[in-house]
Amino acid sequence: MRRTRILTTVLALAAGLLAGTPPALAADPAQPTIAADTYTWKNARVDGGGFVPGIVFNRTEKDLAYARTDIGGAYRWQESTKTWTPLLDSVGWDNWGHTGVASLASDSVDPDKVYAAVGTYTNSWDPGNGAVLRSSDRGASWQKTDLPFKLGGNMPGRGMGERLAVDPNRNSVLYLGAPSGKGLWRSTDSGVTWSQVAGFPNVGNYAQDPTDTSGYASDNQGVTWVTFDESTGTSGSATKTIYVGVADKDNAVYRSTDAGATWSRLAGQPTGYLAHKGVLDTENGYLYIAYSDKGGPYDGGKGRLWRYATATGTWTDISPVAEADTYYGFSGLTVDRQKPGTVMATAYSSWWPDTQIFRSTDSGGTWTKAWDYTSYPTRSNRYTMDVSSSPWLTWGANPSPPEQAPKLGWMTESLEIDPFDSDRMMYGTGATVYGTENLTDWDSGSQFTIRPMVQGLEETAVLDLASPPSGAPLLSALGDIGGFRHTDLTKVPAMMFTSPNFTSTTSLDFAESNPNTVVRVGNLDSGPHIAFSTDNGANWFAGSDPSGVSGGGTVAAAADGSGFVWSPAGAGVHYATGFGTSWAASSGIPAGAIVESDRVDPKTFYGFKSGKFYVSSDGGATFTASSAMGLPAGDSVRFKALPGTKGDVWLAGGASDGAYGLWHSTDGGATFAKLSGVEQADTIGFGKAATGASYQTLFTSAKIGGVRGIFRSTDKGATWTRVNDDAHQWGWTGETITGDPRVYGRVYVATNGRGVIYGDSSDAGGGTDPGPGPDPNPTGACTVTYKVTNQWSGGFQADVQLANTGSTAWNGWSLGWTFPDGQKVTQVWNAEYAQSGSAVTAKNVGWNGTVAAGSSVGFGFTGSWSGTNTKPAAFKLGDRICTVS
């Protein structure tokens, strides 16, 4: 279910796409060294997750199809694999708005050519103008023409269209319908240059809400679709008759019969509705128009379907139901090019109990429905749904009739019959692309099968990410569909987070020394805004809200899971021990602060608000403002504490008109040092250390050495490697980032509409298993503290502290013991482990191998037991016995 989404951070943007691969720069005291690495990039599979307002089949080449999304770019269908290939991943940071696709057109004369009209918002949310992108290699590469106005791929009315069209007879001619009162535009040189059609008489006048001061709902939705009558032209000469839809309830359809030189309102047309689609059946001479009283894609209370006879000018109301019986608008209009007279349309705005699809095989004379009532509330469906490839599409729901799970859809503005195959149909919803390959069984009375046809099309907005040291490698907080626990990045998870289902999860965290404890917060129209898990996010239960909470905000878990600090929307910062059954207000920290936890000390939490850093040492009860100066004045900031080291904090953020960059604190936020040479940074994350490195790998979305990209450092930011390239930029990547603590070089990148991208390094020198380092048998004395921190029937949790009581530092360690009662380790954090029978060996991970004399290192684990759970009596560091305390 797609809701309006905007970027949640103030963006510092300038015009222009990045070009070329950044060179390696020489080391300089004020400029970090930048190297390059070759990464392989994939999506952590969700399959869909967003609104697909347009599907476009090429009319002259079989199996060539495209899909456009409202914020996540465009895709091309790959018939051999039944998957979608993303086409706009090259859109860079400065032009992030060009990931919103307002319209798309495939050239039927030259199928290698494809065009995309791009731009996300027409109001101030997107500071850049729109553009028309053109490709002569099916979207593999693009050229761009900037427009003198904005386009709205994620604005109201985005399901109408298509606004962009190629003349099917003279393919150097294109038309583009513009929003915001900018009229109709034309190109005569294959999209290279554009000019307004001076004679077009109507720029539109409909706005969803004229009183909206943000400019979002108050924008004039403008000129909404262009349809050519190809029968009125010959190859090489411009098509004479062109129909254009306009967002004007009294004057919705215009026509030119002289190749766009003059235009007139189509006589006799119905009024009181907006024309969402205009589709022409040239063989029978009918222009079909789907009408709604609203612009969509989620609003619409009344609708009609009309047929216009192009030869006689006769209008016929062919609506499948009486006007009084509609509570929705019509859209999703298509005709079967193989079987003239077959037409289909959708009730796009019918949320309850479901969307409806209508089909006629006699040019709209009679209709059948995809489902109907036998005896209310019992439904009879002409279809079956198989969502086994994307099982989360049920939302984990078990609704009462007449609702069903999964739904047939909602926001179904795009529905297309394959022009070469009457049995194949695809349609977009607010969450996926569905399709069928036996559509004509509808007409014989058999059931046709609907399945997701969405693999490769990833369209989630990512709000937070976590990669725990054990359990699932990835936990995600997503807009609109809540989030997922990925146990396998290459497979679609069975279900999103449920119990409760947040419309958007805004923040999540896990307890560093007990990764089974996870917390998430999010938005929900009614119900709790916080949930907890004790099994690493596999299952959830709702917490309780403090008074006044209206949204998720940010949340942090204590290092051992003993407590939580929550900064929700609508209320101040609060803290709780246990699982949030009782919250108390924190003092000393302002409402709306971003909160995080120290990853070692369970009593230490951190916060940031409006340039000030805050620290609590009593579990979040009281915070004290740090005296640190020079931090970003605004709230476009992300910060995180390093696992394994108390008080080690990294902070990224800022804006181009003030402090902007990356800061590091080693004293719990009392002071921060700004990294020179990092001009801008918006996120910070940590991953497994490189072989031989004593510090975890840093990842950031930043501008370093004049180049915007995703960067990695294995030496605390002294040098940086750009790990993405200009073909892999994904627009805006400033929300969150994290490395993987178990796989060196792996990074998870949050995008605003392209889902969770993860990259793996080709740098074999980094290694994937650093092991104990070059000195697996350190010398000197050692002391071990073994403590069972929690025990239940059949299971327990333990913490181990290993102290270097000798006189020299360790560079790697390996600790062994034997369980006296046959206990079994089930998972470990902050260490690698192996078990053979009762013997266990735990060794350092890359970042905690160095242990100075007089210092200690800790790790934890969960295990199983039966009968008794006696503590181990002895521990060996290499070949030496440690003192047990």
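Modeller: A disulfide here is a pair of cysteine sulfur atoms within 2.5 Å. Keep in mind that this is a predicted model. By that rule the structure holds one disulfide.

Colleague: What makes Cys782 and Cys882 a disulfide?

Modeller: Their sulfur atoms sit 1.9 Å apart, and the cut-off is within 2.5 Å, so the pair counts as a disulfide.

Colleague: Why is the disulfide of Cys782 and Cys882 called left-handed?

Modeller: Because the torsion about its S-S bond is about -95 degrees.

Colleague: What does the pair tie together?

Modeller: Parts that are 100 residues apart in sequence, because Cys782 belongs to strand E61 (residues 782-792), while Cys882 is in the loop between strand E71 (880-881) and strand E72 (883-884).

Colleague: Are Cys782 and Cys882 buried or exposed?

Modeller: Cys782 is buried, and Cys882 is too. Buried residues make up 60% of the 885 in the chain.

Colleague: How do you know that the chain agrees with a compact globule?

Modeller: For 885 residues, such a globule would have a radius of gyration near 29 Å; the chain comes out at 30 Å, so the two agree. Along the principal axes, the C-alpha atoms fill a box of roughly 100 × 65 × 50 Å.

Methods: Residues are numbered from 1 along each chain as its sequence is written. This is a predicted model: local features need pLDDT of at least 70, side-chain atom pairs count only at pLDDT 80 or more; totals for chains, interfaces and linings use all residues. Side-chain values use heavy atoms; hydrogens and water are left out. The radius of gyration is taken over C-alpha atoms; the globule rule is 2.2 Å times the number of residues to the power 0.38. Buried means under 20% relative accessible area, exposed over 50%, partly exposed in between (1.4 Å probe, protein chains only). Helices (H or I, at least four residues) and strands (E, at least two) are DSSP runs, numbered from the N terminus.
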